[in-house]
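Me: I would like to learn how to read a few features of a protein model. Could we go through them one by one?

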Amino acid sequence: MRLRRLDLTRYGKFTDCSLDFGERREGEPDLHVIYGPNEAGKSTAFAAFLDLLFGIGSQSPFDFIHPYPTMRIGAALDLAGDTREFARIKRPQNSLLDGADRALPEAAIRAELGGIERDAYRTMFSLDDETLERGGESILASRGDLGQLLFSASAGLSHLSDKLVGLKGEADGFYKYRARTGALADLKARLAELKAEREQFDTLASDHARLIDTRDRASLQYDEAVEERGRIHRRSDEIERYLAALPRLSALRGIRARLAPLADVPADPPAWAGELPQLRKQEIELGVKTKAIAEQIDQLAIELAEVVFDEAALRLEEHVERLADLRARHVTADKDIPERRLQLRQLDLAMSGILQRIERSEEPDPKRLVLPAATIGRLRDLIESRSGIEGATRNAARELDEARQRLDEATSRLPESEADPHLRAERDRALAELAVVVEALRSADHHVRRRLAERAREAALDLLTDRLAALGPWHGTVDELVAMQCPGAEALQYWKAARGEAEVAVLRHQGEVERLTTLVRHCEAEETSFASTTGIVSDHEAADIRARREQTWAAHRRLLDVDSADAFEAALRQDDIINASRFSHISELAKLHQSGQALALARADHDRALELSERATAVQVASLEEVAQKISDIARRADLVEQAGQAEQDIVEALRATDLQSAEAALDAADRSALETELAELTARADDQDKRCHELFAAKSAAEDRVEAIGGDARVAIIEERRRTTLLEIEDRAMRYLQLRAGIAATQQALATYRERHRSSMMTRASEAFRTISRGAYTGLVAQPGRDGDTLIAVAAEGGSKAADKLSKGTRFQLYLALRVAGYHEFVRARSSVPFVADDIMETFDDFRAEEAFRLFAEMAQVGQVIYLTHHQHLCEIVQRVCPAARVHHLDEASLKRKVA
């Protein structure tokens, strides 16, 4: 196999790029050097070559530009003397394609690789710093064993020595000849311990049966004693609950006795309890105010008697009051004259336009042309009549068309009936009967009688509503009135007394309402007098004028014409006049505000008095003291009801009954003294039973301990099970030991066979490669027989020699490289060649050793394709100096060939 071209269509950082290695030149080494700076994509290109051969992995790291569904790699491979086009895409199956994008089996490439997998290819036909260092360490681990070194060099398995050492350690851990420790010795000791334990606990069957019988009898006696003790405790608990419930029943009946007098107390409105203190406070305040107002009335009567009336001034009162209004109207009219003149001019222009449209522009008296009102009314009536007639005509025409259409449809559906005289006569007869029925219905008075009945029904309902309204303050329906129960004589007497007391309270509140009404009207009159004074404008009116000014300003900004400007000017002047007037009457405004506040307070007091009057009328109580007493009774009743509910719940829970009636019946039937006597007896029996239970439990525990001490057949069976488990473990680990020993022996035999078969050719080629790469420091490699096999020896040029595992670290790297070169030649000699890839393994090589390494790669390139990846420019110069036929490929955007879609 040979790689002729690698297409990086969509892979990693590459898009539509191609790396062309060209055809192999006959007689020249097939050596290629790919040069590119760091991050240029050398490792990406090598990974793309492996993905082409073996498939793109499920988790590929090269999708950072092209997502999985779009990834694609292509190549031209020389297989068996023929060049074939392949492509690889990212999908789990049928990912290998030919040049026409048809799916190919994986055997199309794997057959040329001899069945080698991806990891084996990376190990056998690629080198980097990491694998080179691991190879040097494998030389140390093998202690210079020739067979292991030759096998790892040709197969790439540098970790074979570590694996063999690990397997030997695992086998010796189980059993080692003449060793006193190990897993087998531990298992044998465990078998001896189990045998001694079984002999210790094994006993006669008769003794075991007797102990079992004693244990069972002790368990039965203990269970019976525990059951008896539980029964005693349950009965004691029941008696204690009865004794605890008896006092609660007495308390419940006492509560019921206290609740009986409060049964007729009505429920109070929810807010009364909170409002009562405030109402009492207000009652006191109203009494004080009443006294003060009475004193004020007396004082005003005295002052009124002392007033001297001026009859002349009183006669002029009406004219004086009108002067303020006339002055305000004069000021307004004086300001309105320019606007009226402007409106008159606009009306003159409009009339001129109308006269021109009717061709009477020379008319000296346009008023003569105005039609009388009667004529205008007649014309309007005629216009409306004509519109109605036209509408009716249109509707009639439309209805006629619809009737004709329906007639045509009916006629079309009955074509045969027209032809049959009998059917036509039957139809005419039916139509005649229908016409008679319609005429009878039209002449009947059913609708008249129905209207009369409906009117009578409405009159009866109105009468019923009036009668129900007369039953006020009761409200409800006729059914509720029929179902209502009539109150007794005592209730009616109580209601009459309460009504009398309530009427007194209502009269008192009505007097307060009248006083406050007078005060409200006085304040309103005072406010009206201030407002009627010329120049005094209230805050509300001033705010309205200011809002009107802002509206006219906004309209002027929007329109920007003469009319909007005049309107804004008028509003601005009016606002300025109002502000000046308010400023000149600042004292009157203050009095107006005070009057407004007094009026608001008076109205609030008036509303409160009305509310109190309505409540007194609705509730019908004599005084706040009676209300307080009723609220106290209601609160006491609620507390007693809560106590009774809690007592009932306690009694039902104590007796665990389903309802209160059954619990009370059980308590009434109980005898307290008999229950107390029985409880004392049960307490004494419970103490004795507790002692008996403790004794029986001790006897039961002793019998169980004696049975468990000997273990019985079950203990022996457990020991036997553990012994068999140990024997099975010995058997399994012994089989594993035999497998390990057989495998190690087979591996050692295979290494010996491989060494004998390949030592001559590989040793010769490895010696030459080692001499070349060490630049003559070592003349070659020889094999030295030892106890466990041959050992590899490096012969120095000065005449000395060293075992392979004694060489320096750098020299071990060179020896491993020489062995890998010899192994590649051995592989190619037995199979077809595959591309060999080395990734910058000369980081620590000087220029001289780099030259010798490239000479070895040039020799490998004579039998197969060798690709070297580097980011060092001087190595490109060295390879061209050592092997002029080598081809250097630059991995950059300028040098990569772009594929043509």
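Me: Which residue in E13 is the bridge partner of His 32?

Reply: Two strands pair if DSSP finds at least two bridges between them. Here, the partner of His 32 in E13 is Arg 887. Strand E13 covers residues 887-890, and E3 pairs with E13 in the parallel sense over four bridges. Strands (E, at least two residues) and helices (H or I, at least four) are DSSP runs, numbered from the N terminus. This is a predicted model, where local features need pLDDT of at least 70, side-chain atom pairs count only at pLDDT 80 or more, and totals for chains, interfaces and linings use all residues. Residues are numbered from 1 along each chain as its sequence is written, and side-chain values use heavy atoms, with hydrogens and water left out.

Me: With which residue of E12 does Val 33 form a bridge?

Reply: That partner is Tyr 868. E3 and E12 (residues 866-870) are also parallel, and five bridges join them.

Me: Why is E3 described as largely enclosed?

Reply: Start with the cut-offs: buried means under 20% relative accessible area, exposed over 50%, and partly exposed in between (1.4 Å probe, protein chains only). Five of the five residues of E3 (residues 31-35) are buried, so the strand is largely enclosed by the rest of the structure. Leu 31, Val 33 and Tyr 35 point one way, while His 32 and Ile 34 point the other way.

Me: Now for rings. How many aromatic pairs does the structure hold?

Reply: A pair of aromatic rings is described by the distance of the centres and the angle of the planes. Rings of Phe, Tyr and Trp (its six-membered ring) pair if their centres lie within 6.5 Å; planes under 30 degrees apart count as stacked, over 60 as edge-to-face and the rest as tilted. The structure holds six such pairs. One of them, Tyr 222 with Phe 697, is tilted, at 5.5 Å centre to centre and 50° between the planes. Tyr 222 lies in helix H8 (residues 205-259) and Phe 697 in helix H23 (residues 672-710), so this pair ties together parts 475 residues apart in sequence.

Me: What kind of pair do Phe 854 and Phe 857 form?

Reply: Their ring centres are 6.4 Å apart and their planes are at 70°, so the pair is edge-to-face. Both lie in helix H26 (residues 847-860), three residues apart, about one turn of the helix. Phe 854 is buried at 0% relative accessibility, and Phe 857 is buried at 1%. Ring pairs link Phe 854, Phe 857 and Tyr 868 into a cluster.
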